[in-house]
Amino acid sequence: MLTNDDRIAALEAIESIKSLKHGYWRACDAKDPEGFEDSFISEGAVIDYGPLGSFDDVKPVVEVFRNVACAKVDGRYTVLDMHHGSHPEIELTAHDTAVGRWSLRFRQVNTVERTETVTIGEYDDEYRFTDGAWRISVSRFTPRWSITRPLGDGARIEEGTFGSRG
């Protein structure tokens, strides 16, 4: 039987993992490669983003992030992203490991092709407590459906402010 201290520690771990995942999505939307990278274990993360590719470490996917999410044409970003994650199911598997599942609602505006894409899918993650914080050790995204449509001539795209968590 779990003690109250055990239950509190479990709840704190789950809340930390939720905060980690939300920070990951916030880094994606803010075009913050350092925040993105900090969300993962430093070496050996398994990342499978379906059609976007599979990686056996965070560093190669950070380069993809820099080249795609942070790409600019004429001083403006070529893609604008919006990640909304919900329905977390997080289970501690040990004092320093956990698994989680999330639903994602993703929206992307391509400012060059003038399209909008909406994608719905699921993340299946594994987490590890390392160096004093929870980090993603495995992240697999399974798309459920997606729609891409052109932006009409009257659509006006206004770019806001992007940057790190600071």
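## Cysteines, helix α1 and the cores

The sulfur of C28 lies 9.8 Å from the closest cysteine sulfur, that of C70, which is too far for a bond. Across the whole structure, a search finds zero disulfides. The model is predicted.

**Cysteines**

- A disulfide needs two cysteine sulfur atoms within 2.5 Å, and the 9.8 Å from C28 to C70 is too far for a bond.
- C70 is in no disulfide, and its nearest cysteine sulfur is that of C28.
- C28 is buried, with a relative accessible area of 4%.
- C28 is one of the buried residues of α1.

**Helix α1**

- Helix α1 covers residues 4-30, a run of 27 residues.
- From first C-alpha to last, α1 reaches 38 Å. That is close to the 39 Å expected at 1.5 Å a residue.
- The buried residues of α1 include A13, I17, L20, K21 and G23. Y24, W25, A27, D29 and A30 are also buried.
- K31 follows α1, and its phi is positive, near 60°.

**Nonpolar cores**

- The largest nonpolar core holds 30 residues. Those touching the most other members are Y24, F36, F40, I47, Y49, Y123 and Y127.
- Elements giving two or more residues to this core are α1, α3, β6, β7 and β8.
- α1 gives the most to this core, with seven residues.
- Another core, of five residues, lies apart from the largest one. Among its members are Y77, V109, L151 and I157.

**T111**

- T111 sits in the loop between β6 and β7.
- Where does T111 fall, buried or exposed? T111 counts as buried because its relative accessibility is 19%, and the cut-off for buried is under 20%.
- The T111 side chain reaches the backbone oxygen of Y77 at 2.8 Å.
- Leaving out residues up to four places away in sequence, T111 touches Y77, T78, V79, L80 and I157.

Notes: Residues numbered from 1 in each chain as written. Predicted model: local features only at pLDDT ≥ 70, side-chain atom pairs only at ≥ 80, totals over all residues. Heavy atoms only, no water. Helix = DSSP H or I, 4+ residues; strand = E, 2+ residues; numbered from the N terminus. Expected span 1.5 Å × (residues − 1). Buried < 20%, exposed > 50% of the residue type's maximum accessible area, 1.4 Å probe, protein only. Core = buried A, V, L, I, M, F, W, Y, C linked by side-chain atoms within 4.5 Å. Polar contact = N/O pair within 3.5 Å; in protein donor to acceptor, adjacent residues only side chain to side chain. Contact = heavy atoms within 4.5 Å.
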